[in-house]
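Me: I would like to go through this model with you, one residue or element at a time. Where shall we begin?

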Amino acid sequence: MSINSLESLLNQMKGRSITHGWGAVVALGCAQLNRLLEEQYLGWLTAGRFIPPIKGEVFSTGGTESMRLDGLLLGRPVLSFGSASLDHSIVTLSMNIVAGTYTAISLPRNGAARLSTSFSITEGMGYKVEMKIGLNQLEGEVDKRGRVTLDLASDPEMTCNLGEGVGMQGPIAALIQSHLAALPDDNRIFELGLFDFSGYNPLSPTGFYIRTQKAPEGSTDPNDGAVLMFVRLKIKDENGEGLPTEGSGFPYLIPKDQSAGKDLYTASLVLNHEWIELLDEVQLDVLTSLLLPGGNYFERIEGSYEPHDLLVLGNIKPGDDRVTIEPPFISLKAGDSQTFRARKSDGTAVNAQWSVNNPISPFSVGTVTPTGGDYTAPVQSRMGNQQQPVVVTAQYAQGGTLQTSSALVLGAFESMSISSRVCTSSIGANAAPIYLKATALGGGGQLEWAALAPSEGTLQVIDNNHAIYKPPVDLTDPLAIQKVRVTDSVSKEAIEASIVLIKTPHSVLTDPPYVASITASTPIQFYADVPEKYAKWDVIGEGWVDGNGLFTPPNAPSSNVSVVRCAFVIDGEEEAAGFSIIQLTEQDPPPPTWEELQEFSIYVPDLSPNGCFSNGYQQIYVVIKIETKPVKVDGEDVYIPVSDAELATLRLVEQRSNSPVPFVPVTQEGIEYDSGIAWAANKKRNRFRLYSPTAAASSPSSVLPTPNNNGVRYRELWIHFAVEGSRTFYAQFDSPRGTYNSTDDKTEGYEVTVQGISPPTPAPGHYDFNRDRVWGDPNGYVGEPTPTYPEGDYFSYYRQSEDYWRLSYSRSGVYPVLFSTLFIEDNVSMIQWESELLDETFFSYTGYAFNPANYQNSDSPKPDGLSFDPYFWGLMRGYQKSLSSEFVHGKEPSPGELIVALRRTDDMKYWYDGMANGDQRKFYRKQMDPAIRFVVRDEEGNRHALSVSFDPPTLTDSRNKLNLKLI
């Protein structure tokens, strides 16, 4: 029996509860969590939420080395559970460095600065950042979702393996961490899952604690593991008796049974044995309705197991309509082609319109066939850099709206790369070995490492991609260039690493110490800390240098490195020397970019309101237009827009204080109550309607204008107010040229003035709470009108009946407004007997259902049935009575409507809490005698606090009617 099989797990769970007193435990497996992260990473590429390339210079711990980083691009995040522990909720997250350049300059205290190493980074080189991240739990005030999130900037001790040794790697990691920390929340916070806390069925979740667990010994993948969520349930809304600790024997809840080489299970759920008796299909669906980002869901596998607690196995699955692009990630040499396909999760192809975009350099994009998905990378003359990230996007219709999915292409100037491309080394037996890494796009073929002569040093090939070079014991000259050549056996392309070997000390300062690229035949002036009459200049390699240090590169170099050397010579004797290294790579002209703005404006579209209720949730829609002036490219005017990286910095600024407006956190829909924030901006449309004096329905957003040229970019933002009054805002963004403000030129539309409007004050007459008889027993009939029932007696002659009391609202009593969200503060049901006599059986009870007005948020579906208080489920269970949650057919709540169902029966035994013998779980009257307190937000974001109650029990027929009050 496998150590991690289903049979093994059932044996570990047999005869004991493993929930530690929690209502349930949910386990999500590593592989599928990483798939969710990959989907979000790709989705962000077209949503302005990607992580911009990182640039900067840092110094080693001792200050003896300078590390220059340019264009570092981080790949998708990957979770690892190899160091996970049940003692905390920390997981290891890594991100490969998939592009960029690295240059290290040695800064010896008593010598001249010189190049240590320089190379372009590719993903195959294995450089990455790694962090220990605590998984967070966040709860939204309005949507009542409990989210599991991770923040890429939350580990100040982040590590990085780029650079030699801790003294260099630590500062590089700190630089990357500081860039991540400076990003907006929505550019660095990922979601792994969420619970719906708005339900009130007995097995509805109300809260959870997170732990992480590594896979047990014997697992084939040392990084495998699971995120565990210990869940409180409505039936017993309190924490468990603690949490399991590492080494306590807590079982691993996702069996590794396989079929056809694939795991059968990627998630599981364990229900505390105490609540198994509550299970039916409705409750089991409630329990497994874990919401996951990107339309993914928990697919319950048929059947369950009951060794003591209940074990439900399943998989994290993409929704049927989930569309992904194949391949999702690829590196492509300049000018090469790749066909992309859009497919649903079942493999069927999707018809799509294709487009491409470079988030950094809009001019270097390549081309794609609009309907075929055939992409061709830009040619080398259009690359501008060694690597260019390009986003290939498919747009397709789904559910009546246009959706997008994307893939990432890393365009490469060359098909091969090597680390280090150029470096320096001493010689002799004590010289440090040099570790070389070579990669080819797409994996390439067998890499062939050229052999060396004994006088050139030794080369030990470790595997296809790695080798170790050891310098020779001696050299004839003070300096020499040693080349290590690697050839791809399939493409026959080759790349060279150049090692500058140093025999004698070189202490003369030569500036610049390193030139990364050249322009053919364009001279480069070098300077040395040597009196001119004693300076002797020469070149090792190709090119020419005159007596004043002016170096002229060769027209068509056959190698990739030359060295310019300057010796301090007196009377024919060399007293000292210094050198500089030149990479003979033809300098690519930087990709053309925009130079000036034609227009930078902000406005409220004509059909949109310039105000909103100051409830924190209603929004004001604004559009920002940024248009650039054309630039000359090959003698022609070309429009180049601002890049996605620049647009990602776009923000609003409050004019009076010149302070940036905060963005609404990614997990919230607006300014939450008592946050102290007066106004905020949002990058997305929320579920609430835009303001209208007459409460007329408004569209989610206006259609953006069609740009009149390729230099125009539009962005939408939404403003929230939590205070009354008008405020003026302008727009601002950052670029490599500096910060730009829409107020810089004071042209038309340079700022926008909007206002927060006092929310309406509801009055009792603004609500309708009407009874709808949806069922009555066949033997009943309607009695004649009486003073108590002037419209007819619907109660005295019905022993059993069901009424739906439907709640609606009109602003100012005139303009109908639907409800969007609901929260119930305490009990969900009420109960009342006809009298307080011990033999009383005539009884009434309530349930509820809410169908939210749902414009944008597909995570707020219409209800499947009525909800009842968990205590009422307990009362019915104690009397061995069934409880139906089904709607009366055709009487379901309409969108935006709350119904309170009042059921009357004649066969329910009387209960008082003294019958509970002190068991507080059976204090049914204490829990359900009080009125129900509803808090709803309407479509306009306004809050309504209401209570529903029976008439006082001292009144005749008090159990037949419901009353609505404002609280």
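Reply: Let us begin with L838, which is exposed, with a relative accessible area of 66%. Here buried means under 20% relative accessible area, exposed over 50% and partly exposed in between (1.4 Å probe, protein chains only). L838 sits in the loop between β60 (831–833) and β61 (843–851).

Me: What sort of model is it, and how are residues numbered?

Reply: It is a predicted model, in which local features need pLDDT of at least 70 and side-chain atom pairs count only at pLDDT 80 or more, whereas totals for chains, interfaces and linings use all residues. Residues are numbered from 1 along each chain as its sequence is written, and side-chain values use heavy atoms, with hydrogens and water left out.

Me: How many helices and strands does the protein have?

Reply: The protein has eight helices and 65 strands. Both are DSSP runs numbered from the N terminus: helices are H or I with at least four residues, strands are E with at least two. Along the principal axes, the C-alpha atoms of the protein fill a box of roughly 130 × 75 × 50 Å.

Me: And what share of the residues is buried?

Reply: Of the 967 residues, 53% count as buried.

Me: Which residues does S867 touch?

Reply: Leaving aside residues up to four places away in sequence, S867 touches N201, V828, G847 and Y848. S867 lies in the loop between β61 and α7 (870–878). It counts as buried, at 11% relative accessibility.

Me: Turning to sheets, what is the order of the open sheet of four strands?

Reply: The order is β19-β26-β25-β22, and the pairing is mixed. Two strands pair if DSSP finds at least two bridges between them.

Me: Which strands stand at the edges, and why is one side of each left without a neighbour?

Reply: The edge strands are β19 (329–333) and β22 (353–357); each has a single partner strand, so one side of each lacks a neighbour in the sheet. The partner of β22 is β25 (residues 387–398), which runs antiparallel to β22 and is joined to it by five bridges. Within that pair, S355 has T393 in β25 as its bridge partner.

Me: Where is G347 found?

Reply: G347 is in the loop between β21 (341–344) and β22. At a relative accessible area of 34%, G347 is partly exposed. Its C-alpha atom is separated by 9.5 Å from that of T324, which is 23 residues away along the chain.

Me: Let us move on to β33. Which strands are joined to it?

Reply: Strand β33 (residues 479–488) is joined to β30 (residues 447–449) by three bridges and to β34 (residues 494–502) by nine. Both pairs run antiparallel. β33 and β34 form a hairpin with five residues between them, and K492 in the turn has a positive phi of about 65 degrees.

Me: Are R322 and E39 buried or partly exposed?

Reply: R322 is partly exposed, with a relative accessible area of 21%, while E39 is buried, at 11%.

Me: What about K881?

Reply: K881 forms a salt bridge with D907, with 3.6 Å between the closest N and O atoms. K881 lies in the loop between α7 and β62 (897–905) and D907 in the loop between β62 and α8 (924–928), so the pair ties together parts 26 residues apart in sequence. Both are partly exposed, K881 at 29% and D907 at 38%.

Terms used
Contact means heavy atoms within 4.5 Å. A salt bridge is a side-chain nitrogen of Lys or Arg within 4 Å of a carboxyl oxygen of Asp or Glu.
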